[in-house]
Amino acid sequence: MELLKAIYPWGPLLFGLGFLAPVIAALMTNLGVQAPLGLTEIQTGLIVGGTWGLVAKFGGRWI
Amino acid sequence: MSVAEAQSPAEVDKDQERRLYREEMAIAKKYIGPFPVVMALWCFSNLLCWLALWPLVIFDVIPLWAGFLIATANVALCYLPSHEAQHSNYANPGTPLRWLNELIGYVSTIPLVLPFKIARYTHMLHHKHTNDPKLDPDYEVIAPTWQQAMLKTVRRMQPGFPNSYGVVLSENADDPAAKRAGLEGMVQSLAYWGILCTLAWSGYALEAAFLWWVPRMLGTIYISLFLSWWPHHPMDEMGRYRNTRSFTHKLGNIVAFGMEDHIIHHLHPGMPLNRNKAAFRELRPILEARGCRLEDHHG
């Protein structure tokens, strides 16, 4: 329970990395979008998803 | 409910009050009794449809966009059968079919990821304190227009916005029912996020996103609009006969999920949704005499 309480505030970041990252990668693959800077789709997904998650965590909003 | 609790907002004398009360109860009793077969079938057919979408989409039997549209409808439709279970309308505690009542309550809202015990706990408070700014867990939906109500639901989904149901549970932390509800809610939420992430990292990211994650958000907005905002708007009156309105939606009662007659539900929560319209028609003269909010307009 204590572990969950410690993790809970970081939910948006975990969600960004755990779910948004593969979703972004899959969307890029399906839409034929090239990953920039020689990155792979999943690397791009992790960067975008992780950054978005951090913004949501500290800004309190996804959109 | 007693006669004393059934005070009309309209000016009626005590004899008339008693007569209205007796007539209202006599009519309501006719619609409350039988097992709500329609609502039970609704639960299981809707859930099976949503579950079937997964193999159908994964094995390319239907396209993802079609699965997405159906899943969104499934999520929006999944709340109401559980709502009947919250009120024990399938079976009361201690009766043989109680297990079915609880089963429907738990499984119906799987697509919506709304834990049954949390839904029941907060919904009972909503009935007890309808439109009370401090005590009604659904009061957060208040907004001047339906468009703003939808935007507000989106705002309420943001991580920085306090979860009103979570607040209610923490305020009642000493209540074992609230504690149990919170625990079940946590387990269900963790399972949901775990399943979504597992699917996403197993090559089914788009299926997870468009059969569950996005439909759940859209369904939540729809449910919040039609089940909370529309029947109680503008949420400025309390009391049995004024806290909920009847209305006529320009897209019809099916689109409004039967909420045109939600006033009947607040007066008689034991009456299943699919009997509310007929009951409303019969009760209408009584509701008019009592000064209820019968707003037959396209608002």
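Between chain A and chain B, the predicted model has 4 residue pairs in polar contact, with both residues at pLDDT 80 or more. A polar contact here is a pair of N or O atoms within 3.5 Å; within protein, one must be able to donate a hydrogen and the other to accept it, and residues adjacent in sequence count only if both atoms are side-chain atoms. Salt bridges between chain A and chain B number 0, where a salt bridge means a side-chain nitrogen of Lys or Arg within 4 Å of a carboxyl oxygen of Asp or Glu.

On the side of chain A that touches chain B, α2 (11-31) and α3 (41-59) of chain A each supply at least two residues. Helices (H or I, at least four residues) and strands (E, at least two) are DSSP runs, numbered from the N terminus. The biggest giver on this side is α2(A), with 12 residues. Sorted by kind, the side of chain A that touches chain B has 17 nonpolar residues, 3 polar and 1 charged. For this sorting, Ala, Val, Leu, Ile, Met, Phe, Trp, Tyr, Cys and Pro count as nonpolar, Asp, Glu, Lys and Arg as charged, and the others, Gly among them, as polar.

As for how much surface is involved, the size of an interface is often given as the accessible area lost when the parts come together. Chain A and chain B bury about 1,500 Å² between them, and 83% of that is on carbon and sulfur atoms. Buried area is the accessible area (1.4 Å probe) that two parts lose on being put together, summed over both. In chain A, the residues that lose the most area to chain B are A:Leu4, A:Phe15 and A:Phe19, which together make up 31% of what that side buries. In terms of contact (heavy atoms within 4.5 Å), chain A brings 21 residues and chain B brings 19.

Side-chain values use heavy atoms, with hydrogens and water left out, while residues are numbered from 1 along each chain as its sequence is written, and chains are lettered from A and ligands numbered from 1 in the order in which they are written.

Contact between the two takes 21 residues from domain 1 of chain B and 22 from domain 2 of chain B. Together these domains of chain B bury about 1,900 Å², 62% of it on carbon and sulfur atoms. Across this interface there are 0 salt bridges, but there are 10 residue pairs in polar contact (both at pLDDT 80 or more). On the domain 1 side, β1 (245-247) and α10 (262-267) of chain B are the elements that give two or more residues, and the largest share, 3 residues, comes from α10(B). That side divides into 10 nonpolar, 8 polar and 3 charged residues.

B:Asn243 sits in the loop between α9 (176-232) and β1 of chain B. With a relative accessible area of 7%, B:Asn243 is buried; buried means under 20% relative accessible area, exposed over 50%, and partly exposed in between (1.4 Å probe, protein chains only). Not counting residues up to four places away in sequence, B:Asn243 touches several residues, including B:Thr130, B:His266 and B:Arg293.

Over all chains, the salt-bridge count comes to 16. One of them joins the side chains of B:Arg290 and B:Glu17 (2.4 Å, N to O). This pair links distant parts of the chain, with B:Arg290 in helix α11 (residues 276-290) and B:Glu17 in helix α1 of chain B, 273 residues apart. Both ends are tucked away: B:Arg290 is buried at 0% relative accessible area, and B:Glu17 is buried at 5%. A network of salt bridges links B:Glu17, B:Glu24, B:Arg240 and B:Arg290.

The side chains of B:Glu295 and B:Arg245 also form a salt bridge (3.0 Å, N to O). B:Glu295 lies in strand β2 (residues 293-295) and B:Arg245 in strand β1 of chain B, so this pair ties together parts 50 residues apart in sequence.

Key
Predicted model: local features only at pLDDT ≥ 70, side-chain atom pairs only at ≥ 80, totals over all residues.
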